[in-house]
Amino acid sequence: MYEQITRNKLKSVFLVLFFVAFVFLLVWVFEEVTGWGKGGFVLALIISLAMTVGGYYYSDKIVLAISHARPVTREEYPYLYHTVEGLAIAAGVPSPHCYVIDDTAPNAFATGRNPKNAVICVTTGLLQKMNRLELEGVIAHEMSHIKYYDVLLQTVAVVMVGIVALLSDWMLRSFWWGGGRRRSRERSGGNAGAILLLVGIVLAILSPLIAQLIQLAISRRREFLADASGAMLTRYPAGLASALRKIAADPEPLEVANKATAHLYIVNPLKNVGGKVNKLFSTHPPIEERIAALEKMSFDKT
Amino acid sequence: MGGMVVLLIIIGLLILIGIGIYNSLIVFRNRCDNAWAQVDVQLRRRYDLIPNLVETVKGYAKHEREVFEKVTEARTKAISAQTVKEQGEAENMLTGALKSLFAVVENYPELKANQNFLMLQEELAGTESKIAYARQFYNDMVMKFNMKQQVFPSSIIARMFSFKEKDYFEIEEPAAREPVKVSF
C-alpha cells in the first residue's frame, strides 16, 4: 500500500516535470523561430490562465450545475454524511459538502479548489447498489482526490496544455505569414536555421497532441494514487475493488455526464470502446488494472 | 581567508537545516496532540447521544431498569475518567452496557420501528466509526512523528532536544480482540 502510494506520487511528479520541460523546450524553439522572445510565452500564459482560472475558482459550482446535482442534508442521507465525515477525519481534511445526483447509474465525483471548499457528489444509484464496504471505498477514493489537491493539479495541467496550444498555433501562423525577425538565423548560417525551422514546424503540429497525452497520463496516474490512498484510509482495498467491479459491470450510462465532466468521475461514465490507442487518450486507467493494483495491496499486507 | 568563508557558509547551512528539522518535529508532535484531542471530540459525541437513546428506549420499555442503570453508570464513569487507563476501562464497560441495551430492544418491535430510535441508532453507529477513524488518524500521525525521530539525519536533532516517541493507541484488553460471536 505505502509503496504504491509513493510510486504513484513519484510518477506524477516525474510527469509534471517532464511536462514543464516540454513546455520550456517549446518556448525556446518558439523564441528562436519567430524571434518574438519571451513576450510570446508570457502572453500565452496570461491568456491560458485567464481562460482557466475562472473555471478553477468556480469549479465546484460549475460542475455541480452541469451535473444537476442537488445539495443534501444530514437528515435526508445520514449514512452518507457519517461515511463522508468519518473518512474526512481519517484523511485529516475538513468534511466536504455532500451532493446527490438522481440517476440509477452508480458513480461519484469530488471537486473543489482546495480541501476547505471541497464537494463530494454521489448518484442515488451508487447509494442503492453498493454495500457499506464498497461505498466507503468509493468515498475514500474521492476523499483522496481532495486531500491531494487533484483539482488544482488538473487545472495547472490544463493551463499548460493551453499555453502549448497557443504557442504552437502562433508558430504555425508565423511560418505561414513568413513573419518574425530572424536576426539570429542570419548570423548563425543557413543550415542550423533550416533544421530549427523544421523542428519548429514538427513541434508546432505535434505539440498540442503531445501536451494532451501528457495531461491524460497525469490524470491516470492520479487515479491510481487516489485508489491507493483511498485504500489506505479504509485499510480495506477489497472494498474499493469490489465497488469498481460492480460499477464497471453496470451497463447504464450516466445521463448527466458529458466529455467535459467525464474525467472527474470515479469510473469513466461514458462507456468508451476499448483498444490500445484509446487507452492513451483515456482519463482513467483501465478498470482491470485498477482492480489488479488494489488486489496486490491485499496480498502484500503492508 | 577563502577557506574560512566557505566553512562559515557550510556551518550556516547546517544550522538552517537543523532549524528546519527541529520545526518539523514540533509540527509533527502538535499534529499528534491534535489528533488525540479529536478522538476525545468523538467520544464526547458518543456520551452526548446516550441520554437521548436511553430516554427513547425507556418510553417503550420502562421496566428494564437494570440495563438503563448500567448504561448511565458506565457513561458517568467514562466522562469522569482521569487517566487513559481509567477511560479505557470505562469505555469497555460502556460498550458492554450498550450491547445489553440493544439486546433488550430486540424484544420491543414497536421500538425497533420508531423513527427516532432508528436515527439515534444510526448516529451512534456513525459515531463509533468516527471514533475508529479518529484513532486511526492519531496512529498515522504517531507513525510519522516516531519515524522522523528514527531516521537520519533528523534523529540527531531529535536526540539533541530530547524528543520522545509517542505511544500508539492500542486495545488494552485481549478480550476485545476476539472476533464478535453472533449467536441466534
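Two residues are in contact if their C-beta atoms, placed from the backbone, lie within 7 Å. By that rule, 75% of the contacts in chain A between residues at least 6 apart in sequence join residues at least 24 apart.

This is a predicted model, in which local features need pLDDT of at least 70, side-chain atom pairs count only at pLDDT 80 or more, and totals for chains, interfaces and linings use all residues. Residues are numbered from 1 along each chain as its sequence is written, while chains are lettered from A and ligands numbered from 1 in the order in which they are written.

Confidence is the next point. pLDDT is the predictor's confidence in each residue, from 0 to 100. Chain B averages a pLDDT of 85, and 91% of the residues score at least 70. For the complex, the predictor gives an ipTM of 0.77 and a pTM of 0.83. Where pLDDT is low, the predicted coordinates should not be read in detail.

Now chain A. Its C-alpha trace spans about 70 × 40 × 35 Å along its principal axes. The chain has 12 helices and 4 strands. These are DSSP runs numbered from the N terminus (helices are H or I, at least four residues; strands are E, at least two). Of its 302 residues, 42% count as buried. A residue is buried if 20 or more other C-beta atoms lie within 10 Å of its own, exposed if 12 or fewer, and partly exposed in between, with C-beta atoms placed from the backbone.

Chain A is divided into two domains. Domain 1 covers 16-59 + 158-207, and domain 2 covers 60-150 + 219-300. The bounds come from an automatic or database domain assignment. Between them, 5 residues of domain 1 are in contact with 7 residues of domain 2. Helix H2 (residues 38-57) of chain A gives the most to the domain 1 side, with 3 residues. That side divides into 3 nonpolar, 2 polar and no charged residues. Here Ala, Val, Leu, Ile, Met, Phe, Trp, Tyr, Cys and Pro count as nonpolar, Asp, Glu, Lys and Arg as charged, and the others, Gly among them, as polar.

Next, the strands. In chain A, 4 strands form an open sheet in the order S1-S2-S4-S3, with mixed pairing. Two strands pair if DSSP finds at least two bridges between them. The edges are strand S1 (70-71) and strand S3 (108-111) of chain A, each pairing on one side only. S1(A) pairs with strand S2 (residues 97-101) of chain A in the antiparallel sense, over 2 bridges. There, Pro71(A) stands opposite Tyr99(A). S2(A) and S4(A) run parallel and are joined by 5 bridges. Ile101(A) has Thr123(A) in S4(A) as its bridge partner. S3(A) and strand S4 (residues 119-123) of chain A pair in the antiparallel sense over 4 bridges. Ala110(A) has Ile120(A) in S4(A) as its bridge partner.

The interior follows. In soluble globular proteins, nonpolar side chains tend to be buried together. A nonpolar core is a set of buried Ala, Val, Leu, Ile, Met, Phe, Trp, Tyr and Cys residues joined through C-beta atoms within 7 Å. The largest one has 64 residues, and Leu87(A), Cys121(A) and Val138(A) have the most contacts inside it. Helix H5 (residues 115-150) of chain B gives the most to this core, with 8 residues. Another core, of 22 residues, lies apart from it and includes Phe30(A), Val161(A), Leu203(A) and Ala204(A). Leaving aside neighbours within four places in sequence, Leu87(A) is in contact with Glu136(A), Ile139(A), Ala140(A), Met143(A), Leu233(A) and Tyr133(B).

Some backbone details remain. Most residues other than glycine have a negative phi, and most peptide bonds are trans. Tyr149(A) has a positive phi, near 55°. It sits in the loop between helix H6 (132-147) and helix H7 (150-176) of chain A. Tyr149(A) is partly exposed, because 17 other C-beta atoms lie within 10 Å. Arg235(A) also has a positive phi, near 55°. Its place is the loop between helix H9 (190-234) and helix H10 (237-249) of chain A. Arg235(A) is exposed, because it has 12 other C-beta atoms within 10 Å. In chain B, a cis peptide bond joins Phe152(B) and Pro153(B), with omega about 0°. Pro153(B) is in the loop between H5 and helix H6 (154-160) of chain B.
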